[in-house]
Amino acid sequence: MIDELFISHPFTEREGFTSGIEGPACDAEGNLYAVNYARQHTIGKVTPEGKCSVFVELPDGSIGNGLRFDSAGFMLIADYTNHNILKVDMETREISVYAHETTMNQPNDIAIGANDIVYASDPNWAESTGQIWRINTDGTVALLEGDMGTTNGIEVSPDEQTLYVNESVQRNIWVYDLSATGEISNKRLLIQFPDFGFDGMRCDVEGNLYVTRHGKGTIAKVSPQGEVLIEIELAGKDCTNLAFGGPDGRTCYVTLADRGNVEYFRTDLPGRSWQLFQRG
């Protein structure tokens, strides 16, 4: 890989994934996973060398969106068509329903705490509204907030004390205080952008947010104080989500819907997800 900082390069071949490519996440071995490789309903696996394959086929009309790994190494999938959070055993590739909630619009992106509590954004695209859900470690589900804009990207800060949620259509990024038991409070606006939309976002180890500017083809690095530090230019325009990986956690992989592929760039700091693997 080229080690220049914040310069994007292609990682996988164009059109290898469908336009539904989303939800990238890296495992502890550095493999990258993203949804809808080759066709809808799949989870694709990409090795550190860029070799792609279908890892699992989702059952019963399920289509994945956000992916995360828990502390035990299980993959969790936001299954938006069937209102589930799915769980995948990475050894046996067995898929089970971890949580189900019929009143969700469509679980979209997910974030996970070091304590394995999951947080899910839940947009209603037709109405430009959204919600936030908590999925407890026993699989029970709680509504944290309704009556929001189109909730999409969601992330937990490295110190586990803050939850970030963005609204794609309204272009807001909200900040909440986050308790050890997954309660949110003290909602405040971190930043509002004047144009383009948002999709997924992830933190580095110092709490900087990397935010996909969908339609603009950039990743905005935003400080915990709400200052845009840099915007990284991508080849594709419709960036849907991103994940940190690589041996040092400083490779940022970005999924592109308009190109059906993954790009990568190197960063100055590791991602929070890499930090979680070090703890594990």
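# Close-up views of a predicted model

View 1. Strand E6 and strand E7 (residues 75–79) run antiparallel and are joined by four bridges. The model shown here and in the views that follow is a predicted one. At one of the positions along the pairing of these strands, Gly-64 stands opposite Asp-79 of E7. The two strands belong to an open sheet of four strands, whose order is E6-E7-E8-E9 and whose pairing is antiparallel. Strand E6 (64–69) and strand E9 (95–100) each have a single partner strand and stand at the edges, so one side of each is left without a neighbour in the sheet. On average, and with direction ignored, neighbouring strands of this sheet are turned by 25 degrees against each other.

**View 2. Strand E24 and its two faces.** Strand E24 spans residues 261–266 and is mostly covered, six of its six residues being buried. In a regular strand the side chains alternate between the two faces of the sheet. In E24, Asn-261, Glu-263 and Phe-265 point one way, whereas Val-262, Tyr-264 and Arg-266 point the other way, and all of these residues are buried.

View 3. Which residue of E24 stands opposite His-9? The residue opposite His-9 is Tyr-264, and Tyr-264 is also the bridge partner of Tyr-253. E23 and E24 form a hairpin with four residues between them, and in the turn Gly-260 has a positive phi of about 60 degrees.

View 4. A disulfide is a covalent bond between the sulfur atoms of two cysteines, and the structure holds zero disulfides. Cys-239 is in no disulfide, and the cysteine sulfur nearest to it, that of Cys-252, is 10 Å away, a separation to be set against the cut-off of 2.5 Å between sulfur atoms. Cys-239 has a relative accessible area of 0% and is therefore buried, given that buried means under 20%. Cys-252, found in strand E23, is likewise in no disulfide, with the nearest cysteine sulfur, that of Cys-26, 9.3 Å away. For Cys-252 the relative accessible area is again 0%, so this residue is buried. Between Cys-252 and Arg-171 there are 81 residues of separation in sequence and a distance of 22 Å in space, taken from C-alpha to C-alpha.

**View 5. The largest pocket and its lining.** The largest pocket has a volume of about 540 Å³, and of the 28 residues that line this pocket, Phe-69, Asp-70, Ala-72, Gly-73 and Phe-277 are the closest to its centre. Strand E2 (17–26), E6 and helix H1 (272–279) each supply at least two residues of the lining, and H1 gives the most, with four residues. By residue class, the lining of the largest pocket divides into 14 nonpolar, five polar and nine charged residues.

**View 6. The second largest pocket and its lining.** The second largest pocket holds about 250 Å³ of space and is lined by 18 residues, of which Gly-30, Gly-245, Gly-246, Pro-247 and Trp-274 lie nearest its centre. Strand E22 (239–245), E23 and H1 are the elements that give two or more residues to this lining, and the largest share, four residues, comes from H1. The lining of the second largest pocket comprises nine nonpolar, six polar and three charged residues.

**View 7. Gly-226 in the loop between E20 and E21.** Gly-226 has its place in the loop between strand E20 (218–222) and strand E21 (228–233). Gly-226 and Asn-208 are 18 residues apart in sequence, and their C-alpha atoms are 9.0 Å apart in space.

Notes: Residues are numbered from 1 along each chain as its sequence is written. This is a predicted model: local features need pLDDT of at least 70, side-chain atom pairs count only at pLDDT 80 or more; totals for chains, interfaces and linings use all residues. Side-chain values use heavy atoms; hydrogens and water are left out. Buried means under 20% relative accessible area, exposed over 50%, partly exposed in between (1.4 Å probe, protein chains only). Two strands pair if DSSP finds at least two bridges between them. Axes are lines fitted to C-alpha atoms, for helices over the stretch in contact, and angles run from 0 to 180 degrees between N-to-C directions. On a 1 Å grid over the protein atoms alone, a cavity is a set of points where a 1.4 Å probe fits but cannot get out, and a pocket is an open set with protein on both sides within 12 Å along at least five of seven lines; lining residues have an atom within 4 Å of a point. Grid points are joined across faces, edges and corners, and a volume is the space filled by probe spheres set on the points. Ala, Val, Leu, Ile, Met, Phe, Trp, Tyr, Cys and Pro count as nonpolar, Asp, Glu, Lys and Arg as charged, and the others, Gly among them, as polar.
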